[in-house]
Amino acid sequence: MPSDLAIGIHDLSFRTTGLVLSHTELARCNGTDIAKYHQGIGQRAMSLPTADEDIVTMAAAAAAPLVERHGTDRIRTVVLATESSVDQSKAAGIYVHSLLGMEPHVRVVEMKQACYSATAALQFAAGLVHRDPQEQVLVIASDISRYDLDSPGEATQGAAAAAMLVSADPALLELTRPSGLFTADVMDFWRPNYRTTALVNGKESIAAYLEAVEGAWKDYQRRGGLPLEEFRAFCYHQPYTRMAFKAHRQLLETCGAQADEETLDHALAATTGYNETVGNSYTASMYLALAALLDDADDLTEQTVGLFSYGSGSVAEFFAGRVRAGYKAHLRGEAHREAIGSRRAVDYGTYRELREQTLPTDGGWYELPHETRGPYRLAALRDHQRVYEAA
Ligand code: HMG
């Protein structure tokens, strides 16, 4: 097997949910100064699911355009990364496999480690492709983030799924080695099985994230990683977009480099456009930052992009990708903007009502109202089973 075989992201697509609450509306109703949301955390709106949307419907909607463009013949593995799973046993990706009409000769697995697991899935996929360069792996990150009402985390909710086809000779981004890794046993953010909303120590979570930036970068350097000057841009996990600026400042200071606004903007400004209006999509967040960068930045051909993935608890990874020549012909910016632009705005009262609706858990038969405008929906619950269909 050639060790210089290029492996990476061949195609990238994301989708979000059908509803949106603006931060202007949230601030108007909860008495917060809007500048705190727009400037302080860098958020403008958050995606919310309709009653018949969940991580499976988003994941299938994100992956469908990849399957349409490339077929499924070479896909032997589907990995779905999430921390808002719908079942403790069955992998959500099996529903996606079914909705997309994939062959039975495919392994499907789910991965979890807070927001980090999509990056573990990506590296797992790269390893499989290295073993057999004819194979492609479908990696999907899909999450809906929920915090308690009236808590500080509430303004950082959101939802999205990002789907990536990982292959040899990729059209978009070649993944390079090494990776810098950092793990610490911290309780900055977690969600016990009996809760539908996350628990978080807000300030501690920011400190844990920043410690992980420094730790992962230092490990990356120890293992022979590229110097700071080689990077054109940095895609950080964005629980809210200002976090990327805090993170990059930390990285620059770790390197003894100047952290002025112009330097930060040059490295980050093109990465925040999707996340500032979608909100925290946990596992998908860093890949929405990458999609924004590829879709919106000037030509990045042959340039190196830094990627920092963080999952509370915590595990982090810093790695680099090289943008491939001709990548612009394969982008999906129009569809991404359409997914964001077609969401239906809800007012604060409707948002609060939606938050009170929960799916029944008694095993009865329930049809769900057809509300989504997306291509797949959760149609019913029957005998504790979820029934999905093409919408
Ligand atoms: P908070 O206490 O409501 O906000 O919580 P604050 O008072 O810290 O203000 C936020 C920023 O707005 C501050 O800026 C203020 O100065 C500024 P900073 O000091 O940070 O630079 N501000 C204003 N700016 C302009 N005009 C104003 C104004 N007022 C204030 N009038 C917090 C903020 C992020 C803690 C909260 O939203 C939270 O708990 N969020 C959830 C946790 C989170 O996102 N943590 C991030 C790191 S952990 C992570 O990324 C992992 C995660 O994605 C989960 C996973 O891995 O699965 C969360």
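User: Is R352 buried, partly exposed or exposed?

Analyst: This is a predicted model, in which local features need pLDDT of at least 70 and side-chain atom pairs pLDDT 80 or more, while totals for chains, interfaces and linings use all residues. Residues are numbered from 1 along each chain as its sequence is written, and side-chain values use heavy atoms, without hydrogens and water. Buried means under 20% relative accessible area, exposed over 50%, and partly exposed in between (1.4 Å probe, protein chains only). R352 has a relative accessibility of 22%, so the residue counts as partly exposed.

User: With which residue does R352 form a salt bridge?

Analyst: A salt bridge is a side-chain nitrogen of Lys or Arg within 4 Å of a carboxyl oxygen of Asp or Glu. For R352 the closest N and O atoms of the pair are 3.0 Å apart, and the partner is D150.

User: How many residues apart in sequence are the parts that R352 and D150 tie together?

Analyst: Helices (H or I, at least four residues) and strands (E, at least two) are DSSP runs, numbered from the N terminus. R352 lies in helix α12 (residues 348-356) and D150 in the loop between β6 (136-145) and β7 (158-168), so the parts tied together are 202 residues apart.

User: Which residue forms a salt bridge with D54?

Analyst: D54 counts as buried, at 6% relative accessibility. Its side chain meets the partner at 2.9 Å, N to O, and that partner is R386.

User: Where does R377, the salt-bridge partner of E389, lie?

Analyst: E389 and R377 form a salt bridge with the closest N and O atoms 2.9 Å apart. The pair links distant parts of the chain, twelve residues apart: E389 is in strand β17, and R377 is in strand β16 (residues 376-382).

User: How many salt bridges does the model have by this rule?

Analyst: Some salt bridges join into a network, which links D169, E174, R322 and R324. By the rule given above, the count is 17.

User: Which side chain of opposite charge is nearest to E317, and how far away is it?

Analyst: E317 is in strand β13 (residues 315-323). Lys and Arg count as positive and Asp and Glu as negative, with His and the chain ends not counted. E317 is buried and has no salt bridge; the nearest side chain of opposite charge is R223, at 9.6 Å.

User: Which side chain makes a polar contact with the side chain of E317 at 2.5 Å?

Analyst: A polar contact is a pair of N or O atoms within 3.5 Å; within protein, one must be able to donate a hydrogen and the other to accept it, and residues adjacent in sequence count only if both atoms are side-chain atoms. The side chain of E317 makes a polar contact with that of Q123 at 2.8 Å. The partner at 2.5 Å is Y116.

User: Is N280 buried or exposed?

Analyst: UniProt, in an unreviewed entry, places a "binding site" at D33, Y147, K246 and N280; its positions are in the numbering used here, feature names are shortened, and annotations may be inferred rather than shown by experiment. N280 is found in the loop between α9 (275-278) and α10 (285-296). Beyond its neighbours within four places in sequence, N280 has contacts (heavy atoms within 4.5 Å) that include Y147, H237 and P239. The relative accessible area of N280 is 2%, so the residue is buried.

User: Is D33 buried or exposed?

Analyst: D33 lies in the loop between α1 (23-30) and α2 (34-41). Its relative accessibility is 54%, so D33 counts as exposed.
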